[in-house]
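Here are some notes to read alongside the model on your screen. Keep the view open and turn it as you go through the points.

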Amino acid sequence: MQKHKKWLIVTIWVSAIAFIGAGMVNWGSYGFGSSNDKVARVGDIDIHLAEFQREYARILNEFSQISQFGGMLDEAQAKQFGIPQMALQRLIQQVQILNLANDLGLVVSDKEVGEEIVNAKVYVDDKGEFSQEVYRKALKEQGMSPSEFEEMVRKILTTQKLFSVMNITQVGPMLPISSSEMAALEMANAVRDRLRVEILPMDKVNIEIEDDELKAFWEKNAENWKSPMEFKIEYILVPFASQNPTDEDLTKHYQDFKSDYLDENGNLLSFEESKEKLIKDVQKIQAESVAKREYRDLKNKSKKGEILSLKENERFFVKNGVDLVIEDMKVAQVGQVLKPIEVDKGFVTLRILDKKPSVQKSFEEAKAEAKVLFESSKKREKLLALAKERVKNFQGTDIGFVDRFYNGAILTLDDGQKMSFLSHLFSSKQKEGYVMLEDKAVLYRIVEQSVLNAKQGDAMAFKSMKSEAVLDALAEYLNETYKTTIYIDVSK
């Protein structure tokens with residue numbers, strides 16, 4: 001049920017201001033084709049590639065804020081964490097909500113969209129008034145048309161209207177709870193189980209792997225092991241640092257985009273206080289302008305670039321640790337010149353001179369990688385069989401009474417594993433069984449049950465539990481009601 005609570009949180013688009021403030025991405029990357037191409041259709045609404053690109057970048061940005069990643073994720077890591085799938089799933093969930101809003105007849109007028117954008121106080125002139133010139137110029141720099149942006153705002157406001165009708169806030173449905181519901185939840189949460197527990201660690205499982213069965217496993221899963229694509233390109237990089245904006249350039253940009261230079265309290269910074277950021281911002285604009293001329297010259301062959309041979313996993317052109325240029329190169333044709341794409345050091349434009357496709361590795365080439373995966377799969381299979389057999393008569397350790405919110409230790413389980421175990425235990429009707437975790441199996445047997453003296457529980461906690469149940473039901477309804485057709489495989 002927790003997954004559906006998370007589902008709702010990522011679905012709620014709180015306000016246009018929040019979206020605007022988060023910033024957007026320069027889109028010359030994750031190239032799947034034109035913005036009219038469809039990624040998926042949910043109910044009566046299409047999801048387009050540009051939307052997928054934006055959501056993909058938004059999640060990459062979320063990951064970059066997590067200290068353990070150090071702001072650095074390459075393409076392989078992004079796929080390892082399932083970020084493309086996360087982006088598509090978020091969009092599907094959002095569009096399910098929009099379908100429901102449409103079915104209920106909720107409409108957002110052009111006037112409402114306009115008022116939201118104006119009241120955001122983002123696209124303003126030096127007098128603090130909304131400026132069409134500032135608005136259009138800012139969107140152009142972000143690679144968006146006003147109609148695209150205004151459609152996003154409309155979707156946000158439509159979602160807000162729906163959640164308002166359903167009495168849902170950012171923290172979930174604001175649902176009342178009756179005395180009978182309270183009593184039932186109190187009783188359910190008063191139950192405690194006295195357990196005997198035994199842990200079967202994966203690393204204690206011994207297996208033998210024969211070459212013939214490993215080869216059979218490789219043949220069945222050969223698509224998982226491919227050589228990287230190879231490219232030969234001619235490129236021109238226009239570094240940000242090569243641009244030298246004048247004080248006049250900086251002053252004009254400061255006057256045109258004062259709303260970009262505010263302190264944490266929303267107060268306008270002075271020109272001098274903003275100068276370091278101003279220089280970087282204007283260097284970026286000027287570098288992009290030069291890069292567009294370089295693109296023209298490279299395309300008509302009036303200028304030559306540098307020649308480079310590289311593989312798709314070498315991460316030569318990256319932005320914030322992510323190689324998005326390579327995605328455009330994968331779908332480009334030999335001879336095609338790619339428009340300028342922003343990378344960490346500047347803007348790059350390039351021509352594809354040659355490309356070698358990814359090919360399946362031979363058994364000998366893939367053997368070491370295949371063995372690791374096969375060994376893990378076979379160990380888990382053996383551990384599962386062992387757990388099924390051993391649960392019938394194991395003795396284990398008596399850990400005393402636990403409830404669903406138990407915060408004491410359970411042998412060697414860490415907090416995450418303990419939460420998964422307890423969740424399974426209190427959702428199961430079996431007196432004994434096992435729970436398969438990533439690297440171990442946990443056997444359990446309930447030897448005694450008790451019920452705490454009935455006391456009035458925390459009303460807010462019980463409301464939260466009821467809300468989660470409602471969200472779970474809502475997610476199930478949307479999944480069943482609005483058919484989803486996916487047109488591309490985002491995992492590749």
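Predicted model: local features only at pLDDT ≥ 70, side-chain atom pairs only at ≥ 80, totals over all residues.

1. Residues are numbered from 1 along each chain as its sequence is written, and side-chain values use heavy atoms, with hydrogens and water left out.

2. Let us take the overall picture. The protein has 16 helices and 13 strands; helices (H or I, at least four residues) and strands (E, at least two) are DSSP runs, numbered from the N terminus. Of the 492 residues, 41% are buried, where buried means under 20% relative accessible area, exposed over 50% and partly exposed in between (1.4 Å probe, protein chains only). Among contacts (heavy atoms within 4.5 Å) with a separation of 6 or more, 75% are between residues 24 or more positions apart.

3. Now find the open sheet of three strands, in the order β2-β1-β13, with antiparallel pairing. Two strands pair if DSSP finds at least two bridges between them. β2 and β13 are at the edges with a single partner strand each, so one side of each has no neighbour in the sheet. The twist from one strand to the next averages 20°.

4. Strand β1 (residues 38-42) is joined to β2 (residues 45-48) by four bridges, and Arg-41 has Asp-46 as its bridge partner in β2. The two strands form a hairpin with two residues between them, and Gly-43 in the turn has a positive phi of about 60°. With β13 (residues 484-486), β1 pairs over three bridges; here Ala-40 stands opposite Ile-486 and Val-42 opposite Thr-484.

5. Which helix lies across β1, β2 and β13? That is α5, running at about 155° to β2; axes are lines fitted to C-alpha atoms, for helices over the stretch in contact, and angles run from 0 to 180 degrees between N-to-C directions. Helix α5 (residues 83-103) reaches 30 Å from its first C-alpha to its last, close to the 30 Å expected for its 21 residues, the expected span being 1.5 Å times one less than the number of residues. Because 16 of the 21 residues are buried, α5 is largely enclosed by the rest of the structure. Gly-105, which follows α5, has a positive phi near 80°.

6. The other sheet to trace is open, with four strands in the order β7-β6-β9-β8 and antiparallel pairing. Its edge strands are β7 (306-311) and β8 (337-342), each pairing on one side only. Neighbouring strands are turned by 35° against each other on average, direction ignored. Between β6 (residues 230-239) and β9 (residues 346-356) there are 10 bridges, and Tyr-235 has Leu-350 as its bridge partner in β9. Helix α12 (residues 271-299) lies across β6, β8 and β9, at about 30° to β9.

7. Finally, compare α6 (residues 110-119) with α8 (residues 146-165): their axes come within 9 Å and cross at roughly 100°. The two helices are therefore roughly perpendicular, a label for angles of 65 to 115 degrees (under 35 is roughly parallel, over 145 roughly antiparallel, the rest oblique). Residues that meet include Val-113 and Ile-117 in α6, and Phe-149 and Arg-154 in α8. The contact has five nonpolar, no polar and six charged residues. Here Ala, Val, Leu, Ile, Met, Phe, Trp, Tyr, Cys and Pro count as nonpolar, Asp, Glu, Lys and Arg as charged, and the others, Gly among them, as polar.
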